[in-house]
Amino acid sequence: MSESTDQYALPADFSDRVFGVLLAAADGAAHARDAQEPGETETLALYLLDGLLEALEWAHDGVASDEAACMWLAALRWYKLVNKSFPEGAPEPQPRWIDEAFAGSPALATGDSQNLLALDNRDMASVGRPLFPQADTTGVLTRAAFVALLPRVDEATTAKIATDAAALTHGSPAAHRAAGAAALVVRAALESGTSSVDRWAALVQEFALEEPADDEAQGTEADANASDSAERHSDEATAGETPDREPVNTAGAGLFRAVTYVRNALAHTAPKAAYDALFEALGEEPDVETAAFATTLLAAVLGTDAVAHRPASEIDPVLDAMHERWMALTAGQ
């Protein structure tokens with residue numbers, strides 16, 4: 001993981017925006033489930049973030065690690081949280097703080113069924129070795145928002161890690177591209193707030209709408225597309241632009257709608273009004289993953305103000321602990 005302490009300055013309210021994103025994922029998912037909490041959507045994203053945190057901990061100690069492998073092992077621990085045992089024949093990683101935090105928690109509200117299906121295997125899926133090559137759902141979006149919380153790396157790295165996180169459960173190159181674009185949209189919002197809004201269209205256009213690679217080359221080309229798209233998107237946006245077509249794939253369509261809804265909601269300057277407008281646009285029974293991602297994007301712009309009115313949740317202590325651990329390890333890089 002390439003990092004720099006000088007090249008990428010963090011906004012003064014970065015910690016507040018990170019905490020806002022964490023809170024918003026749980027709030028958006030719970031809102032979409034009509035306050036049933038906690039659920040698979042936000043807990044899997046938290047576990048994958050803890051996997052990335054573990055990779056950073058190893059790097060801090062001078063030990064190289066594979067971010068994708070760390071996230072997979074974290075996903076297996078999440079699988080055990082849900083199913084009470086690891087997949088047969090899969091590695092059994094040692095527990096971490098987050099496992100203790102969720103110990104004894106009630107059954108989670110269900111989320112994207114593709115996640116448990118894909119993780120119920122002894123082998124790790126990747127971009128180059130997909131276990132479910134056609135899997136394309138919005139389940140890749142919330143974890144991509146959390147990947148965007150990684151500061152001081154270039155955009156290609158953000159996109160690649162988000163793509164790797166998606167590939168653990170979803171094999172479709174279109175879903176991988178949507179995950180990369182989702183992470184870059186949230187990253188832009190974290191870095192620049194409302195001034196980033198007019199870049200979002202270019203990110204969706206240039207990243208999520210690319211044509212898929214040939215089947216026999218989809219692994220290496222997906223990685224190359226992630227890096228190339230991240231480098232060239234920034235010149236494509238114009239003020240007031242919105243993506244001119246909705247992606248035909250499921251994850252891309254969810255991203256498109258979330259970005260559109262949040263952009264329109266931000267016409268309301270009061271955070272509570274923006275939040276209400278967002279959920280009015282999402283509808284009465286929104287897709288949980290799309291709602292969770294859209295709420296994280298709103299919070300990436302507005303910080304904790306976006307969800308300041310949310311009711312207390314039983315997942316809050318875990319969110320507090322994750323925020324504290326994440327900022328302690330990343331803020332001083």
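User: Hi! Is Tyr 47 buried or exposed?
Analyst: Tyr 47 counts as buried, at 1% relative accessibility. Buried means under 20% relative accessible area, exposed over 50% and partly exposed in between, using a 1.4 Å probe and protein chains only.

User: Good to know. What kind of model is this?
Analyst: This is a predicted model, where local features need pLDDT of at least 70, side-chain atom pairs count only at pLDDT 80 or more, and totals for chains, interfaces and linings use all residues. Residues are numbered from 1 along each chain as its sequence is written, and side-chain values use heavy atoms, with hydrogens and water left out.

User: Thanks! How many aromatic pairs does the structure hold?
Analyst: There are two. Rings of Phe, Tyr and Trp (its six-membered ring) pair if their centres lie within 6.5 Å; planes under 30 degrees apart count as stacked, over 60 as edge-to-face and the rest as tilted. Tyr 47 and Phe 102 make a stacked pair, 6.1 Å centre to centre with 25 degrees between the planes.

User: Which parts does that pair tie together?
Analyst: Tyr 47 sits in helix H2 (residues 40-60) and Phe 102 in helix H4 (residues 97-102), so the pair links parts that are 55 residues apart in sequence. Helices here are DSSP runs (H or I, at least four residues), numbered from the N terminus. Phe 102 is buried too, with a relative accessible area of 4%.

User: And what about Tyr 275 and Phe 279?
Analyst: They form a tilted pair: 5.0 Å centre to centre, 45 degrees between the planes. Tyr 275 and Phe 279 are four residues apart in helix H12 (residues 271-282), which means about one helical turn separates them. Tyr 275 is buried at 5% relative accessible area, and Phe 279 is buried at 7%.

User: New topic: where is Val 262 found?
Analyst: Val 262 is in helix H11 (residues 250-265), and Val 262 is buried, with a relative accessible area of 0%.

User: Which residues is Val 262 in contact with?
Analyst: Leaving aside neighbours within four places in sequence, Val 262 is in contact (heavy atoms within 4.5 Å) with Trp 200, Leu 278, Ala 294, Leu 297 and Leu 298.

User: Last one: at what angle do H1 and H13 pack?
Analyst: Helix H1 (residues 14-32) and helix H13 (residues 288-302) pack at about 150 degrees, with axes 7 Å apart. Axes are lines fitted to C-alpha atoms, for helices over the stretch in contact, and angles run from 0 to 180 degrees between N-to-C directions. That makes H1 roughly antiparallel to H13; angles under 35 degrees count as roughly parallel, over 145 as roughly antiparallel, 65 to 115 as roughly perpendicular and the rest as oblique.

Terms used:
Helices (H or I, at least four residues) and strands (E, at least two) are DSSP runs, numbered from the N terminus.
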